[in-house]
Amino acid sequence: MSAPATQNRTWPVFEGGKSLQMAGFGLGVLGLAGTAARAFMPDGTRIALHSYVIAYAYWVGLALAAGLLLAIWHAAKAKWVVAIRRPVEIMAATMPIFLVLFVPIALGMKQLYPWAGGPDFAHLSGEEMHLIHHREHWLNPTTFLVRTALYFVIWIVVSLVLAGSSFKQDKTGDPKLTERMWTWGPASLPFLGLAIAFAAFDWLMSLATVWFSSMWGVYYFAGSFVALFALLILVLRSLSMDPSFKGAMRVTHWLSTGQFLLAFTAFWGYIAFDQYMLTFVANLPDATPFLIARQTGSWKFVGLLLMFGHFLVPFLLLLSRKLKTQPNRIRFLAMWILFIHYVDLYWCVMPQISPAWATPDWSNLTAFLGVGGFSVATAVTILRGKFAVPVKDPFLAESLDYNVITAGTGYLTDSAAHDIADEGELER
């Protein structure tokens with residue numbers, strides 16, 4: 001078996017991404033400007049704000065999933081992930097930008113949320129107004145913003161401690177920083193999980209007056225995790241061609257990352273079915289309007305697209321070990337999953353203002369590019385000048401020599417690697 005890269009190798013810092021950084025900031029400015037312009041058009045305010053909520057939930061979900069995944073890896077004291085951990089740390093470290101990007105949602109509460117008392121919801125029925133008054137101690141502008149601030153305190157502190165400790169270890173090599181991350185990981189998991197779930201309740205579920213599901217936080221979390229692993233595959237494939245990361249990935253890293261993508265695709269499908277089945281069987285008046293609206297007009301076809309495109313087809317394709325070990329091929333599936341995750345959030349949000357027809361608006365694209373542009377640019381800014389791998393992590397060498405296949409088939413030899421990965425496709 002050929003010897004892998006070792007910890008004694010000199011790793012250069014990441015100096016690329018300048019064009020992507022500038023393009024991200026440029027698209028961010030143009031996208032948010034375009035969304036703002038749509039908001040000032042006649043009858044465009046609510047459409048633009050809902051488009052912004054979808055885009056925001058999409059991109060902040062990736063950062064939240066990255067922070068939670070990082071905590072899970074440290075709680076498990078996972079060593080094989082060390083070589084591929086840095087991109088996840090970078091995604092988690094982008095959390096402060098989302099505090100700034102939340103401002104349009106805070107300013108547009110009265111046009112977004114029926115409980116905020118805006119004039120657009122004066123037509124609500126007596127039953128709906130009764131529900132709003134019943135929940136007013138929890139859902140009102142003051143407590144909404146206070147809870148949001150608390151969520152961000154948790155997310156930012158945890159992400160900066162975990163990612164910051166790793167960045168600091170690149171300079172000092174202090175093994176106590178690994179112990180610090182292993183302590184913070186499990187300790188932060190309950191707070192991260194609860195904050196993500198309640199943020200999903202506040203930001204997304206409360207867009208509807210008559211809708212309640214205790215599964216909603218898990219549903220949002222599951223979709224974000226699927227998208228995170230899809231994005232991670234694309235980022236790792238891109239980094240693999242950069243001198244700062246080249247040689248860090250082995251076939252088994254690709255295989256394990258693909259297995260995570262398969263696992264969370266199945267998990268999302270289970271949660272989606274579970275939420276639908278429980279709502280359908282219970283047939284409660286405060287839950288069924290959500291399903292009825294999404295089985296009306298063209299929305300039912302979007303639901304079928306999600307059934308096949310978000311779960312069934314990706315699940316069947318990801319059963320192939322060969323696909324999971326070929327980054328040049330699985331990247332296309334990863335791009336599709338990132339697209340269908342947006343469709344999922346669109347299906348969750350937009351029936352609130354377009355109950356009959358799933359008609360896209362150009363603000364959907366501008367909001368997505370605006371929030372996404374700043375997110376990507378922030379991530380590249382954080383990474384530039386840093387190592388693309390945790391160069392002084394005490395378990396880096398073990399991760400670089402990650403050979404074990406978890407299916408119990410022993411070790412992956414060079415000949416076996418060539419059997420499941422195209423010649424020259426994977427830098428090992």
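Q: Is Trp-155 buried or exposed?
A: Trp-155 counts as buried, because its relative accessibility is 3%, where buried means under 20% relative accessible area, exposed over 50% and partly exposed in between, with a 1.4 Å probe and protein chains only. This is a predicted model, in which local features need pLDDT of at least 70 and side-chain atom pairs count only at pLDDT 80 or more, while totals for chains, interfaces and linings use all residues. Residues are numbered from 1 along each chain as its sequence is written, and side-chain values use heavy atoms, with hydrogens and water left out.

Q: And what about Tyr-151, buried or exposed?
A: Tyr-151 has 6% relative accessibility and therefore counts as buried.

Q: Where do Tyr-151 and Trp-155 lie?
A: Both are in helix α8, residues 141-172, and they are four residues apart, about one turn of the helix; helices here are DSSP runs of H or I with at least four residues, strands are E runs of at least two, and both are numbered from the N terminus.

Q: How many aromatic pairs are there?
A: The structure holds 44 aromatic pairs, where rings of Phe, Tyr and Trp (its six-membered ring) pair if their centres lie within 6.5 Å, and planes under 30 degrees apart count as stacked, over 60 as edge-to-face and the rest as tilted. Tyr-151 and Trp-155 form a tilted pair, at 5.8 Å centre to centre with 35° between the planes.

Q: Which residues are in the cluster with those two?
A: Ring pairs link Tyr-151 and Trp-155 into a cluster with Tyr-52, Tyr-56, Phe-98, Phe-102, Tyr-113, Trp-115, Phe-144, Phe-152 and Trp-203.

Q: Changing topic, what is the secondary structure of the chain?
A: The protein chain comes to 18 helices and zero strands.

Q: What is its radius of gyration?
A: The protein chain has 22 Å, which agrees with the value near 22 Å for a compact globule of 428 residues; the radius is taken over C-alpha atoms, and the globule rule is 2.2 Å times the number of residues to the power 0.38. Along the principal axes, the C-alpha atoms fill a box of roughly 70 × 40 × 40 Å.

Q: How much of the chain is buried?
A: Of the 428 residues, 55% count as buried.

Q: What about contacts between residues at least 6 apart in sequence?
A: Among those contacts in the protein chain, 83% join residues at least 24 apart, a contact being heavy atoms within 4.5 Å.
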